[in-house]
Amino acid sequence: DADLARNPYIFGQNAVMPSLDFKFSRNDELTILFYVYNAGLDQAGKPNLAVDYNFYHRAGETEKFFNKTPTLELNANTLPPAFDVKAGHQLNGGQGLPLASFEPGEYRAEIKIVDKVAGKTRTESVRFTVTP
């Protein structure tokens, strides 16, 4: 969509230009950004989430685990002390990953969010291609 390409998304102070074809070179950095809505809140009004990013390499019809990043914790210890969902503060997550170690080919990024307060898990995936 040409309009989407002209109007990047805004995440805080960052303007993001989404990829329309999900193709990246090995010189690029893959950046995943998202907002979390309806997270459970503890007694202090803070969420307690664990976010994992797993990457899988596709070869034909099969997929093999490639790598993962350290777990991102979003909780009272990692969020700013004044963070307050009820005051309209938004909970966002993200990960930047240089693609230099990715061989050219097809991949799937799996984002798994565990809400430790609500006892729920949400997993989303996106496919992308790394070119030479």
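Modeller: A polar contact is a pair of N or O atoms within 3.5 Å; within protein, one must be able to donate a hydrogen and the other to accept it, and residues adjacent in sequence count only if both atoms are side-chain atoms. This is a predicted model, where local features need pLDDT of at least 70 and side-chain atom pairs count only at 80 or more, while totals for chains, interfaces and linings use all residues. Residues are numbered from 1 along each chain as its sequence is written, and side-chain values use heavy atoms, leaving out hydrogens and water.

Colleague: Thanks! Which residue's side chain is joined to that of T129 by a polar contact?

Modeller: Let's start from T129, which lies in strand β10 (strands are DSSP E runs of at least two residues, and helices H or I runs of at least four, numbered from the N terminus). T129 touches F22, K23, F24, G105 and E106, leaving aside residues up to four places away in sequence (contact means heavy atoms within 4.5 Å). From that group, the side chain that makes a polar contact of 3.0 Å with the side chain of T129 belongs to E106.

Colleague: Is T129 buried or exposed?

Modeller: Buried means under 20% relative accessible area, exposed over 50%, and partly exposed in between, with a 1.4 Å probe and protein chains only. T129 has 15% relative accessibility, so T129 counts as buried.

Colleague: How far apart are the C-alpha atoms of T129 and H89?

Modeller: Along the chain, T129 and H89 are 40 residues apart.

Colleague: What about R108: which residue's side chain makes a polar contact with its side chain?

Modeller: R108 sits in strand β9, which spans residues 105-115. R108 counts as buried because its relative accessibility is 13%. Its neighbours, beyond those up to four places away in sequence, include N54, F55, E63 and F128. Among these, the side chain 2.9 Å away in a polar contact is that of E63.

Colleague: Is P70 buried or exposed?

Modeller: P70 belongs to the loop between β6 (62-68) and β7 (72-74). Its C-alpha atom is 7.8 Å from that of Y53, a residue 17 places away along the chain. With 67% relative accessibility, P70 therefore counts as exposed.

Colleague: How many residues does the largest nonpolar core have?

Modeller: Such a core is a set of buried Ala, Val, Leu, Ile, Met, Phe, Trp, Tyr and Cys residues joined through side-chain atoms within 4.5 Å. I32, F34, F55, L91, F102 and F128 have the most contacts inside the largest one. Strands β4, β5, β8, β9 and β10 each supply at least two of its residues.
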